[in-house]
Amino acid sequence: MHLIIYFSLWKPKPMDLNKGAMFNYEGVGAAQFLMILPMFLAPYAIYVPFWLLFNEYVGLLALGIIGLLGLLAFKPLSQINIDRVLSNRYEISSSFRQEL
């Protein structure tokens, strides 16, 4: 979740919300497509080495431990994204004020 929020703060683009949602790629850039990769590949990068070295249950345990660490580190990880929004708030708001 934190990684998705962090990537979504890269050059936000305005979009017209009155247009239909079906196949509307307005406001979607390369950064939004690139954030799909960590969502799909990170669990495999954690699971596969443990699965190959030990067995599938150790791989699942490693994924569970990483998830638990993510829950325990929720506040510091959220603070990174909050600080980024606050430091770039004028840039973000000016990009949303651009004419469509």
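Biologist: Why is Gly 70 called partly exposed?

Modeller: Gly 70 has a relative accessibility of 26%. Buried means under 20% relative accessible area, exposed means over 50%, and partly exposed lies in between (1.4 Å probe, protein chains only). Gly 70 therefore counts as partly exposed. The model is predicted: local features need pLDDT of at least 70, side-chain atom pairs count only at pLDDT 80 or more, and totals for chains, interfaces and linings use all residues. Residues are numbered from 1 along each chain as its sequence is written, and side-chain values use heavy atoms, with hydrogens and water left out.

Biologist: Where does Gly 70 lie?

Modeller: Gly 70 lies in helix α4. Helices are DSSP runs of H or I with at least four residues, strands are runs of E with at least two, and both are numbered from the N terminus. By that rule the chain comes to six helices and zero strands.

Biologist: What makes the space by Gly 70 a pocket?

Modeller: On a 1 Å grid over the protein atoms alone, a cavity is a set of points where a 1.4 Å probe fits but cannot get out, whereas a pocket is an open set with protein on both sides within 12 Å along at least five of seven lines. Lining residues have an atom within 4 Å of a point. The largest pocket has a volume of about 510 Å³, counted as the space filled by probe spheres set on the points, which are joined across faces, edges and corners. Of its 19 lining residues, the closest to the centre are Met 1, His 2, Leu 3, Gly 70 and Leu 77. The C-alpha atoms of Gly 70 and His 2 are separated by 8.9 Å, although these residues stand 68 apart along the chain.

Biologist: How do you know that α5 has the span expected of a helix?

Modeller: The expected span is 1.5 Å times one less than the number of residues. With 14 residues, α5 reaches 20 Å from its first C-alpha to its last, close to the 20 Å expected.

Biologist: Why are the buried residues of α5 placed on the same side?

Modeller: The buried residues of α5 are Ser 78, Asn 81 and Arg 84. They cover an arc of only 120° around the axis, which puts them on the same side of α5; the arc is that of the directions from the helix axis to the C-beta atoms. On the other side, Lys 75, Pro 76 and Ser 87 are exposed.
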